[in-house]
Amino acid sequence: HLSRNLCVRARAVTTSAQRKVSTGWAKQDARRPLHAVVKVKDLDRQVEYYQKHFGMKLLEHNTDKKSARLGYGPQQTNFAIEVQQIANDLDIGTGFGHFGIVLPDVYAAVDKIKQEGGKVTREAGPVKGGNTVIAFVEDPSGYKWELLQRGETPEPLCQVMLRVGDLQRSIDWYSHVLGMQLVRQRDNPEYKYTLGFMGYGPEESSAVVELTYNYGVKSYVHGTAYAHMAISTKDVFKTAQAIRAAGGKLVQEPGPLGGMGGPKACVVEDPDGWRFVLVDNHDFLTKIQK
């Protein structure tokens, strides 16, 4: 029993030391979310909707690959959404929740969407027990968007909501493996869910991952629509090593993304199967400047 206890303690010490190495590198790494990738059936329709109703700018448009990136600021500093057109049928599944954006006037945005036949799933109005005005709408491909009325922000594209089966497990994973911080946590017993907001900076100025745990629900269908979030890193190889040390699951080892000539990247999967692509920041900046 003594030797077994010593082995358990040794493993715990080793795991703790490995996690310190992992989170230490993440802090030095100065990571930030780059973009989220979604699949759609009609690229032009999706781009037009985001520009007209959300006020996004078209940052990139690749006609050969039938993809586009949109956002509110340059990719060198701001989060973006990458839209890829595919021929296959789309299934958004039950696990992906919504994207969140900050708009100056949510009431006006909702009115305009309704006038043009768009789908509003929650009318504009204050949140229960608070003052923040929100609304929920559905874009032409069925992705849900939370519209939030807040003060001016450098990052209006502010949230990616994903559902998880064990919130504390996810908070630990995002902290130790991705190096994010728990920005905010909120429990809602009345509606039986808990939220955990994870990110590399405050919600007011950077994009966060909103993790949602619904009481008693352990798993979800991911579908084929939402793909992944890309995050910058100064050194893909060091990051992959730190991910392994923290107990993360690499589904793609460090190397060129999409074949020779692509930016160096590695791909990691969280405990619920959500994927994150860690992209070499120098390669990323070089590519978007071409």
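A pocket is an open set of points on a 1 Å grid over the protein atoms alone, where a 1.4 Å probe fits and protein lies on both sides within 12 Å along at least five of seven lines. Lining residues have an atom within 4 Å of a point. A volume is the space filled by probe spheres set on the points, which are joined across faces, edges and corners.

The model is predicted: local features need pLDDT of at least 70, side-chain atom pairs count only at pLDDT 80 or more, and totals for chains, interfaces and linings use all residues. Residues are numbered from 1 along each chain as its sequence is written, and side-chain values use heavy atoms, without hydrogens and water.

**Exercise 1. Describe the second largest pocket.**

Step 1. Its volume is about 600 Å³.
Step 2. Find the centre. Of 24 lining residues, Lys-65, Arg-69, Glu-82, Leu-257 and Lys-287 lie nearest to it.
Step 3. Find the elements. Among those that supply at least two lining residues each are β2 (57-62), β3 (67-71) and α6 (281-289). Strands (E, at least two residues) and helices (H or I, at least four) are DSSP runs, numbered from the N terminus.
Step 4. Sort by class. The lining has ten nonpolar, nine polar and five charged residues. Here Asp, Glu, Lys and Arg are charged; Ala, Val, Leu, Ile, Met, Phe, Trp, Tyr, Cys and Pro are nonpolar; the others, Gly among them, are polar.

**Exercise 2. Describe the largest pocket.**

Step 1. About 760 Å³ of space lies in it.
Step 2. It has 24 lining residues; Ile-134, Glu-146, Arg-186, Tyr-193 and Leu-195 lie nearest its centre.
Step 3. Strands that give two or more residues to this lining include β10 (181-188), β11 (193-199) and β12 (208-214).
Step 4. Nine lining residues are nonpolar, six polar and nine charged.

**Exercise 3. Trace the open sheet.**

Step 1. Read the order of its eight strands: β6-β7-β8-β5-β9-β12-β11-β10, with mixed pairing. Two strands pair if DSSP finds at least two bridges between them.
Step 2. β6 (119-126) and β10 each pair on one side only.
Step 3. Look at one pair. β11 and β12 are antiparallel over seven bridges. Tyr-193 stands opposite Asn-214 in β12.

**Exercise 4. Is Lys-192 buried or exposed?**

Step 1. Locate Lys-192 in the loop between β10 and β11.
Step 2. Check the backbone. Lys-192 has a positive phi of about 60 degrees, although it is not a glycine. Most residues other than glycine have a negative phi.
Step 3. Lys-192 counts as exposed because its relative accessibility is 53%. Exposed means over 50% relative accessible area, buried under 20%, partly exposed in between (1.4 Å probe, protein chains only).
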